Amino acid sequence: ILTTTPNETMAQIHDRMPVILPPSAWDDWLDPDNDDLETLGRLLVPAPAELTELRPVTTQVNSVRNKGAELIVPASPDEMVG
């Protein structure tokens with residue numbers, strides 16, 4: 001995972017965020033013959049804030065052993081603790 005500075009949404013909770021490449025950049029990023037570091041480096045920027053959202057989740061997200069769509073279901077306040 002490559003990280004970058006957070007966009008406005010993510011800055012509310014953390015000082016960095018994963019790089020999210022738009023589909024239009026996938027071919028350039030994945031091209032094994034592309035060694036243009038300047039162009040590739042320009043892709044490593046925060047995603048637009050409108051692409052991200054904050055939602056409360058349970059502490060089950062803290063373990064990589066837990067998997068499933070239920071991990072992103074919004075949690076009630078009593079589910080977010082311990």
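Q: What makes Leu2, Trp26, Trp29, Leu30 and Leu44 a nonpolar surface patch?
A: Patches are made of residues with over 30% relative accessible area and no salt bridge, and nonpolar side chains (Val, Leu, Ile, Met, Phe, Trp, Tyr) are joined within 5 Å. Leu2, Trp26, Trp29, Leu30 and Leu44 together make such a patch, of about 500 Å². The area comes from the Shrake-Rupley method with a 1.4 Å probe, and for residues only the protein chains shown count as cover. Please keep in mind that this is a predicted model, in which local features need pLDDT of at least 70 and side-chain atom pairs count only at pLDDT 80 or more, while totals for chains, interfaces and linings use all residues. Residues are numbered from 1 along each chain as its sequence is written, and side-chain values use heavy atoms, with hydrogens and water left out.

Q: Why is Leu44 called partly exposed?
A: Buried means under 20% relative accessible area, exposed means over 50%, and partly exposed is in between (1.4 Å probe, protein chains only). Leu44 has a relative accessible area of 33%, so Leu44 is partly exposed. You will find Leu44 in the segment after helix H2 (37-41).

Q: How do you know that Arg42 forms a salt bridge with Glu38?
A: A salt bridge is a side-chain nitrogen of Lys or Arg within 4 Å of a carboxyl oxygen of Asp or Glu. For Arg42 and Glu38, the closest N and O atoms are 3.1 Å apart, and the pair forms a salt bridge. The structure holds 2 salt bridges.

Q: Why do Arg42 and Glu38 count as exposed?
A: Arg42 has 52% relative accessibility, so Arg42 counts as exposed. Glu38 is exposed because its relative accessible area is 60%.

Q: What makes Arg55 and Glu53 a salt bridge?
A: Here too, the closest N and O atoms are 3.1 Å apart. Glu53 has 55% relative accessibility and therefore counts as exposed, whereas Arg55, at 36%, is partly exposed.

Q: Which residues lie nearest the centre of the largest pocket?
A: Those are Met10, Ile13, Glu53, Leu54 and Arg55, from a lining of 13 residues. The lining divides into 8 nonpolar, 2 polar and 3 charged residues.

Q: Why is Glu79 called partly exposed?
A: Glu79 has 42% relative accessibility, so Glu79 counts as partly exposed. Glu79 is placed in the segment after H2. The C-alpha atoms of Glu79 and Thr58 are separated by 5.6 Å, with the two residues 21 apart along the chain.

Conventions: On a 1 Å grid over the protein atoms alone, a cavity is a set of points where a 1.4 Å probe fits but cannot get out, and a pocket is an open set with protein on both sides within 12 Å along at least five of seven lines; lining residues have an atom within 4 Å of a point. Ala, Val, Leu, Ile, Met, Phe, Trp, Tyr, Cys and Pro count as nonpolar, Asp, Glu, Lys and Arg as charged, and the others, Gly among them, as polar. Patches are made of residues with over 30% relative accessible area and no salt bridge: like charges are joined within 9 Å, nonpolar side chains (Val, Leu, Ile, Met, Phe, Trp, Tyr) within 5 Å. Helices (H or I, at least four residues) and strands (E, at least two) are DSSP runs, numbered from the N terminus.
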